[in-house]
Amino acid sequence: QVQLVESGGGLVQPGGSLRLPCAASGRAVSSENVQWYRQAPGKGRELVAVIGHLGTTLYGDSVKGRSTISRDNATNTVHLQINNLKPEATAIYYCNLTLYWGQGNQVTVTS
């Protein structure tokens with residue numbers, strides 16, 4: 001059974017940074033594409049970043065230039081780093097691997 005566990009969320013001031021881990025079990029993160037999505041209150045789910053099984057990366061327009069997605073094969077974890085956070089980044093952040101989703105992790109950007 002595949003499980004994804006996100007952590008690292010919470011309250012952040014505008015301009016701050018976050019590093020969100022997604023720890024996987026039951027499937028190697030290096031074997032599949034892994035995505036980070038977010039869902040803001042009252043809005044649909046938005047793709048934030050992707051890391052492909054070959055290591056290629058793709059970023060959503062809202063975080064391009066301020067975000068890094070990376071993979072640690074030794075710990076089977078994918079990390080999402082977002083810098084210079086803006087209040088509109090307030091959302092629940094989800095990790096996704098094929099059909100599997102994490103439970104979501106709340107990030108609130110506020111002064």
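**View 1. Strands E7 and E8 pair in the antiparallel sense over six bridges.** This is a predicted model, in which local features need pLDDT of at least 70, side-chain atom pairs count only at pLDDT 80 or more, and totals for chains, interfaces and linings use all residues. Residues are numbered from 1 along each chain as its sequence is written, and side-chain values use heavy atoms, with hydrogens and water left out. Strands (E, at least two residues) are DSSP runs, numbered from the N terminus. Two strands count as paired if DSSP finds at least two bridges between them. Serine 67 has isoleucine 82 in E8 as its bridge partner. E7 and E8 form a hairpin, with four residues between them.

**View 2. Asparagine 76 sits in the turn of the E7 and E8 hairpin.** The loop that holds asparagine 76 runs between strand E7 (67-72) and E8. Its phi is positive, about 55°, although asparagine 76 is not a glycine. Asparagine 76 counts as buried, at 16% relative accessibility. Buried means under 20% relative accessible area, exposed over 50%, and partly exposed in between (1.4 Å probe, protein chains only).

**View 3. Threonine 98 also has a positive phi, about 50°, although it is not a glycine.** Threonine 98 lies in the loop between E9 and strand E10 (100-101). Threonine 98 is partly exposed, with a relative accessible area of 34%.

**View 4. One disulfide is counted, and it joins cysteine 22 to cysteine 95.** The cut-off for a disulfide is a pair of cysteine sulfur atoms within 2.5 Å. Here the S to S distance is 2.0 Å. The angle about the S-S bond is -80°, and the link of cysteine 22 and cysteine 95 is left-handed. Distant parts of the chain are linked: cysteine 22 is in strand E3 and cysteine 95 in strand E9, 73 residues apart. Cysteine 22 is buried, with a relative accessible area of 1%. Cysteine 95 is buried as well, at 0%.

**View 5. The largest nonpolar core has 27 residues.** A nonpolar core is a set of buried Ala, Val, Leu, Ile, Met, Phe, Trp, Tyr and Cys residues joined through side-chain atoms within 4.5 Å. Trp36, Val48, Ile69, Leu80 and Tyr93 touch the most other members. At least two core residues come from each of strands E3 (18-25), E4 (34-39), E5 (45-51), E8 (77-82), E9 (91-97) and E11 (105-109).

**View 6. Isoleucine 69 and its contacts, among them Trp36 and Leu80.** Contact means heavy atoms within 4.5 Å. Residues up to four places away in sequence are not counted. Isoleucine 69 also touches Val34, Ala49, Val50, Ile51, Thr57, Tyr59, Val78 and His79.
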